[in-house]
Amino acid sequence: MSTSRIPAFYQLTVAERRRRLAEAVELSSAEVETLATADALPLDVADIMIENAVGTFALPFGVALNFQVNGRDHVVPMVVEEPSVVAAASYAALIARAAGGFVAEADPGAMIGQIQLVHVADPGAAVERLGAARARLLAAAEEATPGLCRRGAGPRDVEVRLVRSPRGETMVVVHVLLDTGDAMGANAVNSLVETLSPMVEEIAGGTACLRILSNLADRRLARAAVRVPFSALARDGYDGAEVAERILYAYEFAAADPYRAATHNKGIMNGIDAVAVATGNDWRAIEAGAHAYACHDGVYGSLSRWAIEKRELVGSLELPIAVSTTEGIQKGHMALHARSVSHAAGARGEKAEELRRRMLAAGEVKIDRARALLRALETRS
């Protein structure tokens, strides 16, 4: 990418924006055509994707500019219906850019699968037996996830918790931590805990009830930080120090009051959800995890943190982000297209995800290619 800084982008026509964007992020003619498609999701594909489909629903697809993250420029795809979200993200990125941009990092993709055991006669003894069987459970988990293990991901740990139910029963809950690599991993995690459930029942005693992914992905945190000198904050008759203090007061309000925190965090999720939708990720899972994480200290509070240090406004953000990776607008948009094509070819569940990954890796998102890949996968299995 040459640069994410395209001055006066909003003043251009839509056609001119596409041309400038194609130049900036080196979109191919086919990728530009995908952006211009009036009906990107055909009704017959929509009918395969969900139940009782009667139509499709379009939302504006925009791009946030000016982003510099870890020294690299990024144009950020965003799908959102609310005015000002894209503009606010671009403006904030422009301010951060003047101070060197954002610094960001993310944990490996460890997701949590939960196996809930009820009717356990001796929960304490069950915890001890499960702890002693950790190596055996991990070995079984590795055997159940050969594809992930081949890619350097796979099972990472087994943990056991005791949870008191509202009726007074002590439930034993087993957490299986699975590194899902570059996938969100819901299907892989759900399949794994289903597979391990009989063994867990046998070791612990009791009855397995729920066997399912947790959307509180607190072992898969993403963090971002920025430092902005007062000199970059001055505007509208306020000097930089005054602007920094007002931002700090706004943060302190959210940190101390859940009524304000809910709106504060909604603003944060405006940007995160828009990127999740644009890249074909499960924004509802991200929302659930984010708001649960906002309570991890026992009281609902601000997801972001702000402070003033040596005439700089210092901000940081940490929350669970369980997503499939994509990079850039072309891959983000093509990920949506690849998902539709994989469904149209007849793939479901893990096969659909594998098909999507293979088409994107090959740079060939076509229905004929999808059908050929699906036939190969089905023959192999």
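Colleague: Why do you say that β9 and β10 pair?
Modeller: In this predicted model, five bridges join β9 to β10. Pairing needs at least two bridges between two strands, so β9 and β10 count as paired. The two strands run antiparallel, and arginine 305 stands opposite serine 316 in β10.

Colleague: What do β9 and β10 form, and what lies between them?
Modeller: The two strands form a hairpin, with three residues between them. In the turn, lysine 310 has a positive phi of about 50°.

Colleague: How do you know that β8 pairs with β10?
Modeller: Nine bridges link β8 and β10 in the antiparallel sense. The cut-off is at least two bridges, so this is a pair. One of the bridges has arginine 227 with valine 314 in β10 as its partner.

Colleague: What makes β3 and β8 a pair?
Modeller: Four bridges, in the antiparallel sense, connect β3 with strand β8, residues 221-229. Here valine 103 has alanine 225 in β8 as its bridge partner. With at least two bridges required, β3 and β8 therefore pair.

Colleague: Why are β3 and β9 called edge strands?
Modeller: The sheet is open and has four strands in the order β3-β8-β10-β9. β3 (103-106) and β9 (304-308) each pair on one side only. Neighbouring strands of this sheet are turned by 10° against each other on average, direction ignored.

Colleague: Which helix packs on the sheet, and how do you know that it touches strands?
Modeller: Helix α11, residues 283-293, packs there and touches β8 and β10 (312-320). Contact means heavy atoms within 4.5 Å, so α11 has such atoms by both strands. The direction of α11 makes about 115° with that of β10.

Definitions and conventions. Residues numbered from 1 in each chain as written. Predicted model: local features only at pLDDT ≥ 70, side-chain atom pairs only at ≥ 80, totals over all residues. Heavy atoms only, no water. Axes fitted to C-alpha atoms, helices over the stretch in contact; angles between N-to-C directions.
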